[in-house]
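Let's take a friendly walk through this two-chain model, one region at a time. Keep the viewer open as you read.

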Amino acid sequence: MIYQGKQRIWSDYQKDIPADGWFYVRSCIRQNFFPASEKYFLAICRDLLGHDIYETEHHTTCGGIAYHSDTIPQETAMTIVARQFALMKEAGYKNLVTSCITSFGNYTEILETWREYPELEARIRENLWKATRREFDKPEYVAHASDLVYKYRSEIAERARFRLVDKETGLPLRIVEHIGCHYSKMFPHKGIGGAEYPCVLSGMVESWGGEVVDYPERRHCCGFGFRQYLVKANRGYSVSNTHKKFESMEPYHPDAIITNCPGCPYFLDRWQYVIAEQTGKTYGRDGFGIPVFTYEELAGLVLGYDPWDLGLQLHQVAVEPLLDKIGIEYDPSAKYLGVNKEDLLKPQMPTVLKCC
Amino acid sequence: MIDFGFGLSRSSSVKLDEVDLGLYHKLEALEPGVRVCMSCGSCTSTCTAGPWSGMSVRKLILNLQRGKDVEKMLSCCMLCGKCTMVCPRGINTRHLILSLCRIYGKKQ
């Protein structure tokens, strides 16, 4: 194939992401699971790299979690989303960036639905006006926060203090990338690389010095699946999905996992404890698990932020072996100290999964 | 061990590296046509015995490729040969069944 032809085909898989002028909406659950990730997205992209990203304290959940859990109808989620758009209009922004994968899927699904059914959009405009006396404009562009970090990955690499490299051997770390289903499987063409070459996370890993692990169940769901987990009777399905992924990646000895969804890092991290308790098996070296990171946490680590400021002490799987491997300094005695150096108390240790 | 109130289900993953293909290779020697099956299911959809006996040539070949035993299914076939007539790859499925009977030491 001639080079120009290759370029043209590859361009079909790319997203032309605006560099600046973003209205940021947070996730409803990420601040509980990975409390520093959203803070460090803004610290890195807005404060360090100097991009124009705005957020308002008036925004709310997108309603996607309730919609996907079958507890609210889509019209309710649409009206919530319409209010977010109204806030964006009031702030003078036209591009929306979401912290959450399900929000990204939810916003995209709603915009696509309105494109197909304009009368529904008109009804939501009326609902919003009656409820809040607000009007909205549809965003010109909807991106996920990992799209922006992907776009800025070279800027981050230029400022990086550490690379994803084993400091002893000089070899790249072996990283598993896991892309959330609501990013890559609802509207695959809206993601970087499309359905065939999803590279939003692998692009970051390679830019920061790591090596991406390809394994059979790479595109398998993490197992969250909303009602698979939320309904206790179904929870066995959730953990079985995660187990299937770990069994599949185990022979490749990954050093870490990077994810871009709120649910995936939570379940890939926490289920390692449950699987260890149920089967006695751990997937990392020497009885440890495989540490799981959000893309903001991994970006923060390569940029040299303190691991405890990044909230890594809230992970179930210990991150210290990986930090030692990269050569990142940390104070073990400060692991369970809060922001005001208040002692948060050390949690009870699992019986099988080794933790620090 | 902690009882969480839920547990792991048995994985449905097929590990092809660990599958015993001895039976499949024996069949391949007697009826090489089995190699060109594309699992289209024409044989199964035309099978007279299928709806009431569970006979399925497509499933039979797939099970052999996954190292599973297929002896029970063989007794469901009436050897009418309709599957041979519809196979787009021209596989002699009737001979395939008879070859399997021979491997299992069944009377033809």
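## Ground rules

Helices (H or I, at least four residues) and strands (E, at least two) are DSSP runs, numbered from the N terminus. This is a predicted model, in which local features need pLDDT of at least 70, side-chain atom pairs count only at pLDDT 80 or more, and totals for chains, interfaces and linings use all residues. Residues are numbered from 1 along each chain as its sequence is written, while chains are lettered from A and ligands numbered from 1 in the order in which they are written.

## Chain B

How many helices and strands are there in chain B? There are seven helices and zero strands, so reading along the sequence gives the pattern α-α-α-α-α-α-α. The radius of gyration of chain B, taken over C-alpha atoms, is 17 Å.

Of the 108 residues in chain B, 20% are buried. Here a residue is buried if 20 or more other C-beta atoms lie within 10 Å of its own, exposed if 12 or fewer, and partly exposed in between, with C-beta atoms placed from the backbone. Two residues are in contact if their C-beta atoms, placed from the backbone, lie within 7 Å. Among contacts in chain B between residues at least 6 apart in sequence, 61% join residues at least 24 apart.

One residue to look up is B:Leu79, in the loop between α5 (71–74) and α6 (82–86) of chain B. The phi of B:Leu79 is positive, near 55°, in a residue other than glycine. B:Leu79 counts as partly exposed, because it has 13 C-beta neighbours inside 10 Å.

## Where the chains meet

Twelve residues from chain A and ten residues from chain B make up the contact. On the side of chain A that touches chain B, α13 (235–249) and α14 (263–279) of chain A each supply at least two residues. Which of the elements gives the most to that side? The answer is α13(A), with eight residues.

By residue class, the side of chain A that touches chain B divides into three nonpolar, four polar and five charged. In this scheme Ala, Val, Leu, Ile, Met, Phe, Trp, Tyr, Cys and Pro count as nonpolar, Asp, Glu, Lys and Arg as charged, and the others, Gly among them, as polar.

## The sheet in chain A

Chain A has an open sheet of four strands in the order β6-β5-β7-β8, with parallel pairing. Two strands pair if DSSP finds at least two bridges between them. β6 (211–212) and β8 (292–294) of chain A stand at the edges with a single partner strand each, so one side of each is left without a neighbour in the sheet. β5 (174–178) and β6 of chain A pair over two bridges in the parallel sense, and A:Arg174 has A:Glu211 of β6(A) as its bridge partner.

Helix α15 (295–303) of chain A packs on the sheet, touching β7 (256–259) and β8 of chain A, and its direction makes about 90° with that of β8(A).

## A covered helix and a crossing pair

Helix α11 (200–207) of chain A is mostly covered, with seven of its eight residues buried. Among them are A:Val200, A:Leu201 and A:Met204. The buried residues of α11(A) pack against α8 (145–151), α9, β5, β6, β7 and α15 of chain A. A:Gly209 follows α11(A) and has a positive phi, near 100°.

Elsewhere in chain A, the axes of α5 (74–91) and α6 (101–116) come within 10 Å and cross at roughly 100°. Axes are lines fitted to C-alpha atoms, for helices over the stretch in contact, and angles run from 0 to 180 degrees between N-to-C directions. α5(A) and α6(A) are therefore roughly perpendicular to each other (65 to 115 degrees; under 35 is roughly parallel, over 145 roughly antiparallel and the rest oblique). A:Ala77, A:Met78 and A:Val81 of α5(A) meet A:Asn106, A:Tyr107 and A:Ile110 of α6(A), a set of five nonpolar, one polar and no charged residues.

Note on methods:
The radius of gyration is taken over C-alpha atoms; the globule rule is 2.2 Å times the number of residues to the power 0.38.
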